[in-house]
Amino acid sequence: MTLGDVWLDFDPAALVATGLDVDDDLAFLALLALQRRGRLNLIGVSVTAGNAALRDTLANAKSLLRLAGVKLEPAAGASYRDMHVPWPWVRRLHNVRGDVASSPDAVDAIRSAVLARPPHSLTIVALGPLTNVAAALMDSDVAGRVGRVVSMGGALDGKRLDLNWLSDRAAARAVVASRVPLTVAPVELCAQAAVQPEDVDRLVERCCPGAAVCSLARAMRRQCAFSRRFVNKGLVARVSNAHTALKSDAFVPWDVVAVLAVAEPELFGEWREFDVAVPPCVSGEPCDGTVVVRNGSGVLAPTRLAPGGVVDALVDLVCDVPAVGPAPGIVGAPVLFGSVAVAVLVPLLLLRGVVSKFRSKTS
Ligand SMILES: [Ca+2]
């Protein structure tokens, strides 16, 4: 089975100093490997904020494409300015650093790609907030010609949504309501997969040096430790069949699950169709929230995942993609350190001034 033409819209952040996840970068390399095996044809790439600000996800995407020798120019799209960052500490950091303005390039590029191809022949793989994709689907000609949208996101278990759908609930609502064929990889599916430190060892032993993924190995090890502290506990509590490795150092390869769901559907034991609605926020957008799920049609989702299936497929795939360009550096580090320095030093200096004033008054 070949998937045909694929457009990727993503929010890569493995190379970003403040990035939340390494999974977009891994999913991109998996897509390239599938292309090398003749399973699909990656025709374009666009970028959204999500795991980091747009200024950083765009820089990350450019470095990643250079590393893998991909000649496509990533089109910039939605920035943090036009979405709701759901995690409070990321929101605080964003308030210190800010983001560039959103660009219309991503929507224009997606629209042109859909309209230039035969109807229903293009699959859009959306691995970040759905802002760019929803805006492209506003054009009914585009919505009528898209083959399928695949979104990493949603939660069909009635519980709190993921980062992607929470960052722009209105966009998720618009994509669901557009009635384009939609496949989702929801939270409770993805949590059945886990990348452990020994998987990173296996990958390094098998692929390095030489493969593009070697530049992500350090970020993958960091992600194992980060996820244990900040992500896994909540996942294990909410998903009854979450991967048991999530009780220790391991991370969920979210976006890789979404890519494999559409490219290697046989890895998934069970598929179901659902009728999904994304209700508006009662007191205005944005809000925390869930979606309404009923038996019915409209949204296709795998519900079960063979243990190890996704991670074994990832390790098998990504070694195929050689490192062609220069090893990427860390994105956003100077600006981050500058911002932190200002955030820490200014209050300290102000405090020092107050203390010395108080001393001079009391002496
Ligand atoms: Ca993502």
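Analyst: **A close look at one residue**

Ala245 sits in the loop that links helix H12 (232-238) to helix H13. Helices (H or I, at least four residues) and strands (E, at least two) are DSSP runs, numbered from the N terminus. The model is predicted, so local features need pLDDT of at least 70 and side-chain atom pairs count only at pLDDT 80 or more, while totals for chains, interfaces and linings use all residues. Residues are numbered from 1 along each chain as its sequence is written.

Is Ala245 buried or exposed? Ala245 is buried, because 23 other C-beta atoms lie within 10 Å. A residue counts as buried with 20 or more other C-beta atoms within 10 Å of its own, as exposed with 12 or fewer, and as partly exposed in between; C-beta atoms are placed from the backbone. Leaving out residues up to four places away in sequence, Ala245 touches Ala194, Gln196 and Ala250. Contact here requires C-beta atoms, placed from the backbone, within 7 Å. Thr290 is 45 residues from Ala245 along the chain, and their C-alpha atoms are 26 Å apart.

**The sheet**

The chain also has an open sheet of nine strands, ordered S3-S2-S1-S4-S5-S6-S9-S7-S8, with mixed pairing. Its edge strands, S3 (75-76) and S8 (292-295), each pair on one side only. Two strands pair if DSSP finds at least two bridges between them. Strand S7 (residues 268-277) runs antiparallel to strand S9 (residues 299-305), and six bridges join them. Glu270 has Arg304 in S9 as its bridge partner. Helix H4 (residues 105-115) packs on the sheet, and its direction makes about 155° with that of S2. Axes are lines fitted to C-alpha atoms, for helices over the stretch in contact, and angles run from 0 to 180 degrees between N-to-C directions.

**A helix pair**

Elsewhere, helix H1 (residues 23-36) packs against helix H14 (residues 309-318) at about 65°, with axes 9 Å apart. Leu26, Leu29, Ala30, Ala33 and Leu34 of H1 meet Leu314, Leu317 and Val318 of H14.

How values were computed
Two residues are in contact if their C-beta atoms, placed from the backbone, lie within 7 Å.
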